[in-house]
Amino acid sequence: MADRTPHAVSARTRLTPRPASGMPLPACTLRSGRTLVPLLLLLLALAAGLATPPAARANQSGQPGVPPNAAHGPDAATPPGGPVSITDDTGREVRLPHPARRIVALYGAFNELLAAMDLTDRIAARTAADQEPAAIRLLPVIGTHMRPSPEMVAAVAPDLVLQMEGRREAGEAVEGLRALGIPVAVFRVGSFDELFGVLRRVGALTGEPQRAAGLEAALRARLDAVAARVADRPRPTVFFEVRHPNLLAAGADSIVTDIIARAGGRNCVTAEGRVARLSEEELLRLNPDVYLLQRGPMNPEPEPPAARPHYAALAAVRAGRVRDVDEARYSRPGPRAVDAVEELARYLHPDVWGTTPAIPAPTGGQAAP
C-alpha cells in the first residue's frame, strides 16, 4: 500500500512553483521562464559592452589599446620601479633591479648633481669633507673620498655608490665595496660634455631621466648665453694655480680648461692630465695674461703671487690681473662649474657686460671689475 503521508510527495511535485491561487503553473510557462533569464542576461551584457569606450574594449580583448603605464616598443617609458642599467666610464655595466633610492656619493660633486635634480632626499650618507648641499650635513659620515669605510657604507644600506675616477686608492675603495655586493658607478669628468653625460646616466640610475634632461637643458642654456657674448672677443691666456708651493697647474684634461675656454680665455698650460707640475721657469716662459689661484683644501693659504720671488715679472702680476677663486666652484665638476664660467667671463671681458658687477670673489680675493 503506498505511503500517502506529506513526506512522500515526489521531488517533482515539491519543486513545482505555485501561483497565489495554489494551482501549479503550466509547464510551458516554466520553460519560457528558463529561456527568458539567459536572454535578459545576454541583452544586459551587450548593453554594457556598447557603453564601454573603444580603448577599454580593446584592452579587455588584448588588442592595441593599452593602459598609460604599459611599455610597448623601443620609445616607451620604462615601467616605474623596473630595472635600470648604464655603462660607467670604466666600461663596466652597472645594473640595478630598481631605480636607486639610497645613494652614497664618494665625490661631493655628485651630491650637488642630485640636489640640482631635487633628489637630495635620496642621499644616504656623506664623506667627511662634504658639506654641500646644507641638507646633508646631518647625515652619517662614512670616511673620506679616497678611503671610505666599507663597513660604514654598508651600514647605511645604499643601493648605489657613485665615485669619481682618480688615484689608486679610490679604485681600491671601489673594489672593496663591490666585494660586499654594493653597486658602484665610476665616472670621469674633464669637460662639460662629459659632465652632461654623467648627468644623463645618473638620471637613468635614479629613474629620473626627465629631471636630468631638464637640468642639462638649463645649464646648457646658460653656457650658450655666455658663448654668445664672448664669441668675437680676444682670448687672453690664463694660468690656473692648483697648489703652491710645489707648483701645480690645471692641465689640459681638467674641467678648469673647459671653464676657461667657455668664459672666453685660453689655458696657457697644454700638458695632458688634470694637473701638471710646473717649474717657475716654465711659468715665466708661459707668461700668462691672467693668473687664477684657487683657495680650498688643495691650496688653503696661497701667498699672493706679487709677494713671491720672480713672479713680479709676470704680465698678469704687472697688470694686476690676479684673482682668487673658489676651489669647489672651479675644480669640482658639478653644476657650480657653470657659475664659474659666468663669473670668469665677466672678469675676462667686463666690457661685454657693461657695468654689471661680477659675482664677488671669495674673501681675500681680488674683485672683478
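Visitor: What should I know before I start?

Guide: This is a predicted model: local features need pLDDT of at least 70, side-chain atom pairs count only at pLDDT 80 or more, and totals for chains, interfaces and linings use all residues. Residues are numbered from 1 along each chain as its sequence is written, and side-chain values use heavy atoms, with hydrogens and water left out.

Visitor: How are helices and strands named?

Guide: They are DSSP runs, numbered from the N terminus: helices are H or I with at least four residues, strands are E with at least two. Take helix 9, which spans residues 255-262.

Visitor: How many residues of helix 9 are buried?

Guide: First the term. Buried means under 20% relative accessible area, exposed over 50%, and partly exposed in between, with a 1.4 Å probe and protein chains only. Helix 9 is mostly covered, with 6 of its 8 residues buried. These are Ile255, Val256, Thr257, Asp258, Ile259 and Ile260.

Visitor: What do the buried residues of helix 9 pack against?

Guide: Contact means heavy atoms within 4.5 Å. The buried residues of helix 9 pack against helix 7 (192-205), helix 12 (327-330) and helix 13 (336-348). They also pack against strand 7 (237-243), strand 8 (248-250) and strand 9 (266-267). Just after helix 9, Gly264 has a positive phi of about 95°.

Visitor: Strand 7 is on that list. How do I read its partners?

Guide: Two strands pair if DSSP finds at least two bridges between them. Strand 7 and strand 11 (residues 290-295) run parallel, joined by 4 bridges. There, Phe239 has Tyr291 as its bridge partner. Strand 9 also runs parallel to strand 7, with 2 bridges. Val238 stands opposite Asn267 in that strand.

Visitor: Which way does strand 8 run, parallel or antiparallel to strand 7?

Guide: Antiparallel, with 2 bridges joining strand 7 to strand 8. Glu241 stands opposite Ala249 in strand 8. The two strands form a hairpin with 4 residues between them. In the turn, Asn246 has a positive phi of about 50°. As for cover, 6 of the 7 residues of strand 7 are buried.

Visitor: How do I read aromatic pairs?

Guide: Rings of Phe, Tyr and Trp (its six-membered ring) pair if their centres lie within 6.5 Å; planes under 30 degrees apart count as stacked, over 60 as edge-to-face and the rest as tilted. The structure holds 6 aromatic pairs. One of them joins Phe192 and Phe196: tilted, 6.4 Å centre to centre, with 35° between the planes. Both lie in helix 7, 4 residues apart, about one turn of the helix.

Visitor: Why does that spacing matter for direction?

Guide: An α-helix has 3.6 residues a turn, so residues three or four places apart point the same way.

Visitor: Are those two rings buried or exposed?

Guide: Phe192 is buried because its relative accessible area is 0%. Phe196 counts as buried at 1%. Another tilted pair is Tyr291 with Tyr311, 6.2 Å centre to centre and 55° between the planes. This pair links distant parts of the chain, 20 residues apart. Tyr291 lies in strand 11, and Tyr311 in the loop between strand 11 and helix 11 (315-318). Tyr291 is buried at 0%, and Tyr311 at 2%.

Visitor: Which residues do ring pairs link into a cluster?

Guide: Tyr107, Phe110 and Phe187.

Visitor: What about a charge over a ring?

Guide: The test is NZ of Lys or CZ of Arg within 6 Å of the ring centre and within 35 degrees of the ring normal. Arg321 lies over the face of Tyr347, 4.7 Å from the ring centre. The charged end of Arg323 also sits over the ring of Tyr347, 5.2 Å from its centre.
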